[in-house]
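Here's a quick briefing to read with the model open. Take a look at the fold first, then go through the notes by topic.

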Amino acid sequence: MAVLPIRISGDPVLHAPAGPVTRFDSELQTLVGDLVDTMHAAPGVGLAAPQVGVPLRLFVFEYTDPDGVVHSGTAINPTLLISPLPVIEPEDADEEGCLSFPGERFPLVRSTTALLRAVDADNVPYEIEASGWLARIFQHEYDHLDGHLYIDRLPYPFSKAAAKIARKRSWGGPGQSWMPGVDTFDGGA
């Protein structure tokens, strides 16, 4: 398996809906392994195929909850059902980061529960009821499959701060990426 470069906000593959996975073959198995290796090297708790330039509806995740339980897997062609957003002030929300907007974190209100339905790399269907951070991870990665980054959901003044950072770092165009294990940024999803 290999560690792949992660695309940075502004690359067109990150801002367009991904297509369905239709072939469950050795190429898909390799992609899944590469995504897991890249996620670990970043380090992150999730990584979607569009983040490495592959426009397919697929993400991987690995999160250890406060009880020490490891939640990991591959979600292919997922659907995600979420609870209504909690009523809290944006600045009181948990902070979120993204490997495609590396090194930054902003508060974002997310649903507290989610139901993920998907198939794994062997095309076996499964369902996971998630709450807390795992629900947040699923929402974050699912957004990538629809062409959205978490910074697209930020309310003012956080959206303004993210836009300023993107301008300052000259992000916003095609072909920009960073390499886990070579370039240094704090982790995200």
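Which residues does Ile88 touch, not counting residues up to four places away in sequence? They are Ala93 and Val109, where contact means heavy atoms within 4.5 Å.

Before the rest, some ground rules: this is a predicted model, where local features need pLDDT of at least 70 and side-chain atom pairs count only at pLDDT 80 or more, while totals for chains, interfaces and linings use all residues. Residues are numbered from 1 along each chain as its sequence is written, and side-chain values use heavy atoms, with hydrogens and water left out.

**Around Ile88**

- Ile88 is found in the loop between β4 and β5 (95-98); strands (E, at least two residues) and helices (H or I, at least four) are DSSP runs, numbered from the N terminus.
- Ile88 is partly exposed, at a relative accessible area of 41% (buried is under 20%, exposed over 50%, partly exposed in between, with a 1.4 Å probe and protein chains only).
- Val45 is 43 residues from Ile88 along the chain, and their C-alpha atoms are separated by 25 Å.

**Strand β7 and its partners**

- Five of the seven residues of β7 (residues 113-119) are buried, so the strand is mostly covered.
- On one side of the pairing list, β4 (residues 70-82) runs antiparallel to β7 with five bridges (two strands pair if DSSP finds at least two bridges between them); Ile76 has Val119 in β7 as its bridge partner.
- Strand β8 (residues 125-131) is also antiparallel to β7, joined by seven bridges, and Thr113 stands opposite Ser131 in β8.
- The β7 and β8 hairpin has five residues between the strands, and Asn123 there takes a positive phi near 65°.

**Aromatic pairs**

- Searching the whole structure turns up four aromatic pairs (Phe, Tyr and Trp rings, the six-membered one for Trp, with centres within 6.5 Å; planes under 30 degrees apart are stacked, over 60 edge-to-face, the rest tilted).
- One of them is Phe61 with Phe138, edge-to-face at 5.0 Å centre to centre and 80° between the planes.
- That pair links Phe61 in β3 (residues 58-64) to Phe138 in helix α2 (residues 132-145), 77 residues apart.
- Phe61 is buried at 3% relative accessible area, and Phe138 is buried at 0%.
- Phe101 and Trp171 also pair edge-to-face, at 5.0 Å and 75°.
- Ring pairs link Phe59, Phe61 and Phe138 into a cluster.

**Charges over rings**

- Arg57 lies over the face of Tyr142, 5.4 Å from the ring centre (the cut-offs are NZ of Lys or CZ of Arg within 6 Å of the centre and within 35 degrees of the ring normal).
- Arg136 lies over the face of Trp133, at 5.2 Å from the ring centre.
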